Amino acid sequence: MRNHLLGMAVALAATALGSSAFAQEKVVHVYNWSDYIDESILADFTKETGIKVVYDVFDSNDLVETKLLAGGSGYDVVVPTAPFLARQIQAGVFQKLDKSKLPNMTNLWPLVSERLAKYDPGNEYAINYMWGTTGIGYNVDKVKAALGDVPVDSWDILFKPENAEKLKSCGINILDASDETFAIAMNYIGKDPDSKESADLEAGGEVYKKIRPFVKTFNASAYIDELANGDSCITIGWSGDVLQAKSRAEEAGNGVNVEFVIPKEGTYMWFDNLAIPADAKNVDEAHAFINYLMKPEVIAKASNYVQYANGNLASQQFIDKEVLDNPSVYPPEEVVNKLFTISPYGPREQRVLNRVWTQVKTGS
Amino acid sequence: MATVAETNPAPHSAKGTGGHSWTRWLVVAVPYIWLILFFVAPFLIIFKISLSDTAIAMPPYLPTFDGFGSIGEFFSELDFENYIFLTDDPLYIMSYLSSLRIAAISTILLLLIGYPMALAMARAPTSIRPTLVMLVILPFWTSFLIRVYAWIGILKPDGLLTLALQTIGLMGEGEQVQIFRTDYAVFIGIVYSYLPFMVLPLYAALEKMDNTLLEAASDLGCPPWKAFWKITFPLSLPGVIAGSMICFIPITGEFVIPDLLGGADTLMIGKTLWTEFFGNRDWPLASAVAVILLVMLVVPIMIFQNQQKKVV
């Protein structure tokens, strides 16, 4: 779940170059989140298999789903996030994977595959690429200046209006991903995070309405830079994005000290997964690409680059120690047990959800 | 077009009236074919989707057209439920009204800025007029999206505007311009982007004005400001209306500028439409919103057409 303009530009340039290649060449069209892979993996794949990769990127699940539902997207491998994946499987967007072409499946992490089976029963359509959590990213010094020396380990730090009011001046961002933010809020007030009842959704929205006067922005991508250069001091964000903000601040040497925390009440766990559209033209090449990504040393390289955990158990020996030992990336077992997943929203429930979310955002 | 062909027949078409009428028919048909292919057909598709129901399917609505065998069944499943829903929820009415308000204010601002510009261009020496027109068109050489992105760099709190104001001392070290992600930024972006569309029709109207009228007014003792309101402005009215319509109509449906420069509380129908289509995946409701938007804009378009007829 990344967004980076530079990454996007590079990928677009790569796509432009790719499309001018010879037609008879073996090719695979991949549609992934922006800045979500070590680009050298693509070159290595082509070197090893002779299959050219046409790589295209997106920054929102909504955009992907709309393209897939319209049909004829032209992609062979797509990386949707779990609740979206479940609905897309139901709509008939994807084809079943041919597991005989995926020998590297033996490397997968049973714990992740099990959780993913909630969305894809029997793991028939998708393989996990990366997974992560949605937590709090914050500027250590500015939060300390605003709130005093309190531990940042709970959603209280953001959801209690008296705290939010003090943080207002240094900048609060809320992740603009309604399904996740509502699950978190409903869990925070002691409701089932997976509830689809209108009353529970309204109650979840109430959590955000109370702090709305103190919120500066709602976005799902620009917050990385805003956190890194000190424009905002606290955000709900995806683990790897916040860690990326942390390393950007360190590179810039601007004295901004960013940290990520999984609050003790628990939070949302998401999965980004590799799947093949039903109307893909290069099915064999798509399988070859997915199988290549499941090589332990290859997916480890991707994890080292994007700082997200992957669903490949055998890869852990190749992952950098600072990534593997980082509890924000690979949380310890007792934290993992507190992470929750949610099932997809039906059309009517989705309408209620986004209606309340629009009310929150427009402050009405 | 047709009148030109009649008064000035080309030599070869004069030989046979049959060939003449055939080419005439073709010339007249081209805009109609264009209209049917690129307006009526897409509109009918959108209208049909607006009468459907959402579904978890590809495409995400039902019923879909499966051939003429089941056409009766197909029509029986269509209804106006989505339009009724639009009147139930104040969000849509507020979005429409807010869009109209933003479009109206922007159009007035465009007129206030564009009119003096166009007047100055029309009164400039004939030799430099083409250069001035060129300068108005010049921004089109850069992508619209890039130009809106540039405004982010100017308006954001630590952007160029803050820096400039701090440098000349109008703003203290700790202060920052708080324009980005507000309605003010949306107005700046819209007025900037649409200015050429306002200036060019105004210039076209003012440039062909007969200046001897103003000289006569002055000879008869009419002060310049009165001459402007009595002569210049009425004569430029077709340009004012054309420019206003060309700006007002697309601004009402604008999505990119409010999305990039506006805040979370900037309500515009283009953004609401986007949420319905992408966020809720509710294509039928999004189509209903689009159909209503079109109906609302037909009124100013008809005023524009009427005005054009009067001018011709």
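1. Tyr268(A), Trp270(A), Asp272(A) and Leu274(A) point one way from strand E9 of chain A, while Met269(A), Phe271(A), Asn273(A) and Ala275(A) point the other way, and all are buried. Buried here means that 20 or more other C-beta atoms, placed from the backbone, lie within 10 Å of the residue's own. E9(A) covers residues 268–275, and eight of its eight residues are buried, so the strand is largely enclosed by the rest of the structure. Strands are DSSP runs of E with at least two residues, helices are runs of H or I with at least four, and both are numbered from the N terminus.

2. This is a predicted model, in which local features need pLDDT of at least 70, side-chain atom pairs count only at pLDDT 80 or more, and totals for chains, interfaces and linings use all residues. Residues are numbered from 1 along each chain as its sequence is written, with chains lettered from A and ligands numbered from 1 in the order in which they are written.

3. Chain A averages a pLDDT (the predictor's confidence in each residue, from 0 to 100) of 90, and 93% of the residues score at least 70. Over residues 16–23 of chain A, pLDDT stays under 50, and the model has four contacts beyond four places in sequence for this stretch. A contact requires C-beta atoms, placed from the backbone, within 7 Å.

4. E9(A) pairs with strand E4 (residues 126–139) of chain A in the antiparallel sense, over eight bridges; pairing requires that DSSP find at least two bridges. Opposite Phe271(A) in E9(A) stands Trp131(A).

5. Helix H9 of chain A (residues 178–188) is mostly covered, with 11 of its 11 residues buried. Among them are Asp179(A), Glu180(A) and Asn187(A). Gly190(A), which follows H9(A), has a positive phi near 85°.

6. In chain B, helix H5 (residues 90–123) and helix H11 (residues 224–252) pack at about 145° with axes 9 Å apart. Axes are lines fitted to C-alpha atoms, for helices over the stretch in contact, and angles run from 0 to 180 degrees between N-to-C directions. Residues of H5(B) that meet H11(B) include Ser99(B), Ala103(B) and Gly114(B), and the H11(B) side includes Gly243(B), Ser244(B) and Phe248(B). By class, this contact has nine nonpolar, seven polar and no charged residues. Ala, Val, Leu, Ile, Met, Phe, Trp, Tyr, Cys and Pro count as nonpolar, Asp, Glu, Lys and Arg as charged, and the others, Gly among them, as polar.

Definitions and conventions:
Contact = placed C-beta atoms within 7 Å. Buried ≥ 20, exposed ≤ 12 C-beta atoms within 10 Å, placed from the backbone.
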